[in-house]
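Open your viewer and get your selection tool ready. We will walk through a few stops, one selection at a time.

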Amino acid sequence: MNTLPLFFNLTHQSVLIIGGGDVAKRKADLLHKAGASLVVLAKHFDESFLAFLKMHQHTIIHKSYESADLHTLPRPAVIICATDDDRLNHTVYHDAKSLGIAINVVDCPALCDFIFPAIVDRSPIVVGVSSNGKAPVLARLIRAKIESQLPSNIGKLAKLAGEFRQIVKEKLPTITERRYFWEGVFDRALSDKQVGVLSDELDDFMNHQQKSGEVYIVGAGAGDPDLLTFKALRLMQQADVVLYDALVSDEILDLCRRDSDKIFVGKKRQNHAKAQDEINELLVCYAKKGKRVLRLKGGDPFVFGRGGEEVQACQTAGIPYQVVSGITAALAASSYAGIPLTHRGVATAVRFLTGCYQTNEHFGGLKSLYQDDETLVFYMGLHALEKVVGGLRASGVSSDMSIAIISNASLPTQQVLIGTLDDIIQKNAQAKMAAPAIIIVGRVVELYQPK
Ligand code: SAH
């Protein structure tokens, strides 16, 4: 972050603008909206700019700029230099610096102490987007995107909320209660749902207030943050406490509410930071304290995710909970590697299996014999590759059956290894595929096209 976004209160502060053209006028418009008193110095003014300045009684100085001007004029809060004269821009910049006044020379990032972001103005809500001068067009497109997603009445609601704040403070004594109330109201507003009169909303909230917290059991997808669902993201931004797995990346974790407590509960193979029972207890314990607890898991909570046990723990303790599905590793591996799991004329069924928990000599993961038109997907199978391959062979699958190992699916580190039951163990010994990895077995693997 090269520049820190700050919101500058310019009300009644003097701002000096050098330049009388179109660009200067655009900045003047903005600064006028922010309540600044403008002093505009230029040799030539566009007619419309002059009319604008006169109408709003800003100060007009009709002359060429000289360094002495900065000493004779009242000291401005900031200076904007908007001329197309390169030498003049440099002179003004150095004059401003020698007096310690912050300056923006329009379209010269090297001569700027501060920059103008692309702005979404739904006052009192104001959003500024900056690319630090690197890609202003992108910043503007992002602005447009935000603009299109904010309901039109959001500014009005924010204003009403400001007026109603004190009443809420009196009726809801704790910060947590107040936050829950406001989150409920704004969440509905942002999803374009009906928000009633705020006093009715408050009565309603007080009548239905939950004394205990809630548990959100949420799938974070296979790794790429773009695979998060909107619902996952919303709950991530609401939760007070986050219990997360080893499979949840820092990038995803960063999207959780900034001031939430984040607790690593591990769960890499044979390296469990916390046993499942302890995790269940933590969930219930925090929820009983009134917290909103997010259990953030890789992939989907109900696919080899032990989400079912966490649900049972909540049910036993009478804690309200929600389960939010995520993109499970099998689906991410399939789409990111380009191997469909079903394909007309090739595979009409898919089975998700685990390579883990197999203690028998005979590989118990394949309870029924392999069907010719199905695809098998193994989770947690990399460390048990020999057992998986041996089990398949023992089930009568032919040695030239195709098999793929997809490691770190959906992440920049994704790798794909293709082989047959005959050679995959040897190929993997050479390639040393990294965990986590998904194994896909079936004729669909033949559809794989290396990129
Ligand atoms: N609930 C998770 C699965 C957890 S079990 C889900 O729905 O995806 C852990 C196993 O998931 C790993 O051993 C591996 O087989 C698989 N896995 C998780 N993330 C993966 C990824 N990004 N790439 C490949 N396999 C992954």
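Is Asn132 buried or exposed, or does it count as partly exposed? Select Asn132: at 23% relative accessibility it counts as partly exposed, where buried means under 20% relative accessible area, exposed over 50%, and partly exposed in between, with a 1.4 Å probe and protein chains only.

Before going on, a note on the model: it is predicted, local features need pLDDT of at least 70, side-chain atom pairs count only at pLDDT 80 or more, and totals for chains, interfaces and linings use all residues. Residues are numbered from 1 along each chain as its sequence is written, and side-chain values use heavy atoms, with hydrogens and water left out.

**Backbone stops**

Stay on Asn132, in the loop between strand 7 and helix 5; helices (H or I, at least four residues) and strands (E, at least two) are DSSP runs numbered from the N terminus. Asn132 has a positive phi of about 55° although it is not a glycine. Now jump to His12, in the segment before strand 1 (14-18). His12, also not a glycine, has a positive phi of about 60°, and at 69% relative accessibility it counts as exposed.

Next, pick Ser123 and Pro124: the peptide bond joining them is cis, with omega near 5°. Pro124 sits in the loop between strand 6 and strand 7. Then try Ala435 and Pro436, where the peptide bond is cis with omega near -5°.

**The ligand**

A backbone N or O atom of Gly298 is 3.1 Å from a ligand nitrogen atom, and one of Ala409 is 2.8 Å from a ligand nitrogen atom. For Asp300, a backbone N or O atom is 2.8 Å from a ligand oxygen atom.

**The largest pocket**

Finally, display the largest pocket, with a volume of about 2,000 Å³. A pocket here is an open set of points on a 1 Å grid over the protein atoms alone, where a 1.4 Å probe fits, with protein on both sides within 12 Å along at least five of seven lines; lining residues have an atom within 4 Å of a point. The volume is the space filled by probe spheres set on the points, which are joined across faces, edges and corners. Of the 48 lining residues, Leu30, Ile115, Phe116, Pro117 and Ile119 are the closest to the centre.

Technical notes: A polar contact is a pair of N or O atoms within 3.5 Å; within protein, one must be able to donate a hydrogen and the other to accept it, and residues adjacent in sequence count only if both atoms are side-chain atoms.
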